[in-house]
Amino acid sequence: MSKIANKVWSFLSHFKYHIVIVLGILIVGFIDENSFVRRIEYEYHIESLKEEISEYKARYEADSKRLKDLGKDPKVISKIARERYFMKTDDEDIFVLSDDEPSLPTIQEHETAK
C-alpha cells in the first residue's frame, strides 16, 4: 500500500503546478460566481433588456405624440372616445365585431330521443 501511495505522491508532486492551473481554470471558468458561463448569460440578459428599453422608448414617444395631439386638436379626443370607449354622436350607430369564434354545436345537442 505504501508503494502505491509513494507513486501517487511522486506523480502529484511532479505535476502539481499543472494540477493547480487546471483546477484554477475549472473554478474560474465554471464554478465561480464570476465565471465565463455566467458572464455569457449576463450578456444575453443585457441584450434582452436593451431590446425592452428600445420598445418602451418607442411606446413612450408614440404616447407623447398622442398626448400632444390630444391637447391641440379636439377631433383627436372624439376619435379616441369612439375607438376605445365606443362613444358616439346622436346620428351614429356603433357595430362591435368580435374576434371570438362561436363554438359549433355538437351532434349530441341536435339528437332527439325517439
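Which side chains meet in a salt bridge with an N to O distance of 3.8 Å? In this predicted model, the pair consists of lysine 65 and aspartate 69. A search of the whole structure returns one salt bridge. Both residues lie in helix H3, and because they are four residues apart, about one helical turn separates lysine 65 from aspartate 69.

The mean pLDDT of the chain is 81, with 88% of its residues at 70 or more. Among the elements of the chain, H3 has the highest mean pLDDT, at 92, whereas the lowest, 54, belongs to helix H5, which covers residues 107-110.

Helix H3 spans residues 36-72 and packs against helix H4, residues 74-85. The angle between the two is about 120°, and their axes are 5 Å apart. An angle of 65 to 115 degrees would count as roughly perpendicular, and one over 145 as roughly antiparallel; H3 and H4 are therefore oblique to each other. On the H3 side, the residues that meet H4 are Arg66, Asp69, Leu70 and Lys72. Their counterparts in H4 are Pro74, Val76, Ile77, Ile80 and Arg84. By class, this contact has five nonpolar and four charged residues, with no polar ones.

Helix H4 itself is made up of 12 residues. From its first C-alpha to its last, H4 reaches 16 Å, close to the 16 Å expected at 1.5 Å a residue. Just after H4, phenylalanine 86 adopts a positive phi of about 55°.

Note on methods
Residues are numbered from 1 along each chain as its sequence is written. This is a predicted model: local features need pLDDT of at least 70, side-chain atom pairs count only at pLDDT 80 or more; totals for chains, interfaces and linings use all residues. Side-chain values use heavy atoms; hydrogens and water are left out. Axes are lines fitted to C-alpha atoms, for helices over the stretch in contact, and angles run from 0 to 180 degrees between N-to-C directions. Angles under 35 degrees count as roughly parallel, over 145 as roughly antiparallel, 65 to 115 as roughly perpendicular and the rest as oblique. Contact means heavy atoms within 4.5 Å. Ala, Val, Leu, Ile, Met, Phe, Trp, Tyr, Cys and Pro count as nonpolar, Asp, Glu, Lys and Arg as charged, and the others, Gly among them, as polar. The expected span of a helix is 1.5 Å times one less than its number of residues. pLDDT is the predictor's confidence in each residue, from 0 to 100. A salt bridge is a side-chain nitrogen of Lys or Arg within 4 Å of a carboxyl oxygen of Asp or Glu.
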